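User: I would like to go through the terms used for this protein. Please give the cut-off behind each one.

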Amino acid sequence: DDLRSWNLTSGEETIVKPNIAPSLTAIAFAPDGSKVVTGHHHGEVVIFDVNSSENDKWSLNHHGREITKIIWDTSSHIFVGSWAGISVYNSETLQVIASIAAERLYGWD
């Protein structure tokens, strides 16, 4: 149940993060490939360095809902979506830039 990556040039397999796959629901790499952001069924979002075995850089609970989508764009923004809504984080400062609740997205009462 490890999250793994491969070097496409050498074909070498690298274990990126052990024991993470059972709860994994979304994943995105930083544009430079140095970090990975993962989303999990219990709402946790984790960023970690691909080339390090050190602890996670950042972990938060996104409204306690299953993460359905993660996008890491080239302008240092991480978009995190769940049934609770969408939040945009600055990947450098880890601050919330914007957030919108699902009720506003879908017009739920």
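Predicted model: local features only at pLDDT ≥ 70, side-chain atom pairs only at ≥ 80, totals over all residues.

User: Where does valine 16 lie?

Analyst: Valine 16 lies in strand S2, residues 13–17. Strands (E, at least two residues) and helices (H or I, at least four) are DSSP runs, numbered from the N terminus.

User: What is valine 16 in contact with, leaving aside neighbours within four places in sequence?

Analyst: Contact means heavy atoms within 4.5 Å. On that basis the partners of valine 16 are Leu3, Arg4, Ser5, Val36, Phe48 and Val50. Val50 is 34 residues away along the chain, yet the two C-alpha atoms are separated by 5.7 Å.

User: What makes a set of residues a nonpolar core?

Analyst: The members are buried Ala, Val, Leu, Ile, Met, Phe, Trp, Tyr and Cys residues, joined through side-chain atoms within 4.5 Å. The largest such core here has 13 residues. Val37, Val45, Ile67, Ile70, Trp72, Ile78 and Val80 have the most contacts inside it. Strands S3 (24–29), S5 (44–49), S7 and S8 (77–82) each supply at least two of its residues. S7 gives the most, with three. Another core, of seven residues, lies apart from it; Leu3, Val16, Val36 and Val50 are among its members.

User: How exposed is isoleucine 71, and why is it called that?

Analyst: Isoleucine 71 has a relative accessible area of 44%, so it is partly exposed. It lies in strand S7, residues 67–72.

User: What makes the nonpolar surface patch?

Analyst: Ile71, Phe79, Ile86 and Ile100 make a patch of about 290 Å². Patch residues have over 30% relative accessible area and no salt bridge; nonpolar side chains (Val, Leu, Ile, Met, Phe, Trp, Tyr) are joined within 5 Å, like charges within 9 Å. A salt bridge is a side-chain nitrogen of Lys or Arg within 4 Å of a carboxyl oxygen of Asp or Glu. The 44% of isoleucine 71 therefore passes the 30% limit.

Conventions
Residues numbered from 1 in each chain as written. Heavy atoms only, no water. Areas by Shrake-Rupley, 256 points an atom, 1.4 Å probe, with all protein chains shown as cover. Buried < 20%, exposed > 50% of the residue type's maximum accessible area, 1.4 Å probe, protein only.
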